[in-house]
Amino acid sequence: MAFLDNTDFVDSQLVDGSPTLPALRFINEPTTGFYRPANGVLALVTLGVERLRVDNVGNVGIGTTNPQSLLSVAAGSGNVGGALQLGGNTTVLGTLLTYEA
């Protein structure tokens with residue numbers, strides 16, 4: 001993070017943080033924000049639970065702490081039937097959609 005101090009930038013570094021106390025968090029909701037679970041890994045947490053992770057090779061995981069592809073989505077306990085909703089009213093249950101550009 002950098003803060004402008006007249007004409008110079010002042011460098012500021014963050015601690016790694018944790019799911020229950022993210023390094024970058026909100027004053028009125030301290031269990032929501034970003035933390036660093038490992039080298040080159042960034043995670044987003046809400047209410048002290050990790051929801052999204054970007055790993056050190058660029059894989060993104062939603063609902064998983066171990067994404068195995070560019071986008072890995074895992075159903076959590078709050079998701080009914082593990083559904084993935086695409087574009088408004090299309091719901092996919094356990095089906096993989098692929099296309100070639």
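Guide: Here is a walk through the labels and the cut-offs behind them. This is a predicted model, so local features need pLDDT of at least 70 and side-chain atom pairs count only at pLDDT 80 or more, while totals for chains, interfaces and linings use all residues. Residues are numbered from 1 along each chain as its sequence is written, and side-chain values use heavy atoms, with hydrogens and water left out.

Visitor: Fine. How many helices and strands does the protein have?

Guide: Zero helices and 10 strands.

Visitor: What makes S5 and S6 a pair?

Guide: Two strands pair if DSSP finds at least two bridges between them. Strand S5 (residues 42-46) and strand S6 (residues 49-54) have five, in the antiparallel sense, so they pass the cut-off of at least two.

Visitor: In what order do the strands of the open sheet stand?

Guide: S3-S4-S5-S6-S7-S8, six strands with mixed pairing. Strand S3 (24-26) and strand S8 (71-73) each have a single partner strand, so one side of each lacks a neighbour in the sheet. Neighbouring strands are turned by 20° against each other on average, direction ignored.

Visitor: Why is Arg53 called buried?

Guide: Buried means under 20% relative accessible area, exposed over 50%, partly exposed in between (1.4 Å probe, protein chains only). Arg53 has 13%, so it counts as buried. Glu50, at 17%, is buried too.

Visitor: How do you know that Arg53 forms a salt bridge with Glu50?

Guide: The label asks for a side-chain nitrogen of Lys or Arg within 4 Å of a carboxyl oxygen of Asp or Glu. For Arg53 and Glu50 the closest N and O atoms are 2.6 Å apart, so the pair qualifies under the 4 Å limit. Side chains of opposite charge can pair when their charged atoms come close.

Visitor: How many salt bridges does a search of the whole structure find?

Guide: Two. Asp16 forms one with Arg36, and there the closest N and O atoms are 2.6 Å apart. Asp16 is partly exposed at 37% relative accessibility, and Arg36 is partly exposed at 32%.

Visitor: Which residues is Ser69 in contact with, leaving aside its neighbours within four places in sequence?

Guide: Asn59 and Val60, where contact means heavy atoms within 4.5 Å. Ser69 sits in the loop between strand S7 (60-62) and S8. Its relative accessible area is 33%, so Ser69 is partly exposed. The Ser69 side chain also reaches the backbone oxygen of Leu71 at 3.1 Å.

Note on methods
Helices (H or I, at least four residues) and strands (E, at least two) are DSSP runs, numbered from the N terminus. Axes are lines fitted to C-alpha atoms, for helices over the stretch in contact, and angles run from 0 to 180 degrees between N-to-C directions. A polar contact is a pair of N or O atoms within 3.5 Å; within protein, one must be able to donate a hydrogen and the other to accept it, and residues adjacent in sequence count only if both atoms are side-chain atoms.
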